[in-house]
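Q: Hi, I have a structure to go through today. Can you walk me through it in short steps?

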Amino acid sequence: MIPNELSQKTVDVTIVLNIWKRNYIKEQMIALLSQIVLPKEIWVLHYENYVEIQEYINEVRKVFPNIFLFISDKNLMFFGRHSIAISANTKFIWVLDDDVIPGVKWLNNCVKKCDFLNAIITCSGRIIQENTFRPESFLSSKAYIGDFSNKGSPINLCSKDTMVDYGCNSYFFKKEWISAFWNIWPITFLTGDDIHLSAALKIKLNIATVVLKQTDESNSGNLKRKYGVDDVASWRTPGFMNTREEVFQYHILRNNWIPLLWKK
């Protein structure tokens with residue numbers, strides 16, 4: 001159910017959420033509207049017509065009028081959300097994957113830490129092992145931060161704020177940084193906006209990417225990790241690893257991006 005009473009405190013944030021084949025919109029809206037602080041606006045990008053959300057968005061508007069629906073017959077994939085973010089009129093942007101359900105304190109923590117650390121804030125991330133362009137092929141707690149657990153936790157957990165090379169699933173950053181994102185042209189639009197965001201901002205502005213400390217459901221950035229392993233997950237796409245390898249090579253070899261563990 002959509003909360004009847006919402007937080008009275010609003011923060012200067014536009015949430016950009018894209019919907020394609022996954023149908024977790026109701027859970028996501030409940031989670032977003034249950035935050036201890038509310039965003040100024042929520043923008044929903046609806047690609048193609050695999051799930052019906054118009055009627056539900058109309059219901060959400062009754063309690064949260066500042067939700068806007070962008071309907072596109074064309075699937076703009078991952079980079080489309082970073083294009084539309086240019087038009088936001090808020091200090092912060094929160095780009096959210098369609099399988100992420102945040103805890104109630106997540107938005108508030110992102111606002112505080114993005115300013116304090118001057119960093120991209122994410123709920124999970126990766127540290128690239130030295131001299132490899134296929135870091136996602138090696139599942140390890142040293143490389144996978146926030147969403148790796150030997151105990152099989154259903155939620156994202158992280159013992160402390162941890163700097164990573166790039167974030168995953170949820171990206172909170174200052175609107176003014178989006179110009180650096182587009183200052184380096186992507187090598188492909190098929191995948192890699194997560195890598196591109198962190199690499200471009202590090203190269204152009206020396207902005208780091210940080211996975212926040214997450215200790216329980218209230219401050220976890222994702223309560224439903226299992227949603228990311230369904231049949232429409234991008235990592236299941238044929239050739240996914242090969243294309244991602246090209247993205248890593250592009251930024252490291254051509255754009256002089258230096259991952260944390262790499263020598264200059």
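A: Let's start with a term. Contact means heavy atoms within 4.5 Å. Also keep in mind that this is a predicted model.

Q: OK. Leaving aside neighbours within four places in sequence, which residues is Asn18 in contact with?
A: Asn18 is in contact with Leu45, Tyr47, Arg81, Leu96 and Asp98.

Q: Where does Asn18 sit?
A: Asn18 is in strand E1, residues 10–19.

Q: Is Asn18 buried or exposed?
A: Asn18 is buried, because its relative accessibility is 10% and buried means under 20%.

Q: Back to Tyr47. How far apart are Asn18 and Tyr47 in sequence and in space?
A: They are 29 residues apart in sequence. In space, Asn18 and Tyr47 are 7.3 Å apart, C-alpha to C-alpha.

Q: How far is Asn108 from Lys263?
A: Their C-alpha atoms are 36 Å apart. In sequence, Asn108 and Lys263 are 155 residues apart.

Q: New topic: the whole protein. How many helices and strands are there?
A: The protein has seven helices and nine strands.

Q: Why does its radius of gyration agree with a compact globule?
A: A compact globule of 264 residues would have a radius of gyration near 18 Å, and the protein has 17 Å, so the two agree. The C-alpha trace spans about 55 × 40 × 35 Å along its principal axes.

Q: What share of the residues is buried?
A: Buried residues make up 56% of the 264.

Q: And what about contacts between residues at least 6 apart in sequence?
A: Of those contacts, 80% join residues at least 24 apart.

Q: What about the surface?
A: The protein exposes about 12,500 Å². Carbon and sulfur atoms supply 51% of that area.

Q: How many aromatic pairs does a search of the whole structure find?
A: It finds twelve aromatic pairs. One of them is Phe133 with Trp262. Their ring centres are 5.6 Å apart and their planes are at 55°, so the pair is tilted.

Q: Which parts does that pair tie together?
A: Phe133 is in the loop between strand E5 (119–126) and strand E6 (144–145). Trp262 is in the segment after helix H7 (240–254). So the pair ties together parts that are 129 residues apart in sequence. Trp262 is buried, with a relative accessible area of 14%.

Q: Are Trp182 and Trp185 buried or exposed?
A: Trp182 is buried, at 18% relative accessible area. Trp185 counts as exposed, at 53%.

Q: Which residues are in a cluster with them?
A: Ring pairs link Phe79, Phe181, Trp182, Trp185 and Phe189 into a cluster.

Q: Last topic: backbone angles. What is phi for Glu48?
A: Phi of Glu48 is positive, about 55°, although Glu48 is not a glycine. Glu48 is in the loop between strand E2 (38–47) and helix H2 (54–61). Glu48 is partly exposed, at 25% relative accessible area.

Q: And phi of Asn118, what is that?
A: Phi of Asn118 is near 50°, also positive in a residue other than glycine. Asn118 is in the loop between H4 and E5, and Asn118 is partly exposed, at 36%.

Conventions
Residues are numbered from 1 along each chain as its sequence is written. This is a predicted model: local features need pLDDT of at least 70, side-chain atom pairs count only at pLDDT 80 or more; totals for chains, interfaces and linings use all residues. Side-chain values use heavy atoms; hydrogens and water are left out. Helices (H or I, at least four residues) and strands (E, at least two) are DSSP runs, numbered from the N terminus. The radius of gyration is taken over C-alpha atoms; the globule rule is 2.2 Å times the number of residues to the power 0.38. Buried means under 20% relative accessible area, exposed over 50%, partly exposed in between (1.4 Å probe, protein chains only). Accessible areas come from the Shrake-Rupley method with a 1.4 Å probe; for residues, only the protein chains shown count as cover. Rings of Phe, Tyr and Trp (its six-membered ring) pair if their centres lie within 6.5 Å; planes under 30 degrees apart count as stacked, over 60 as edge-to-face and the rest as tilted.
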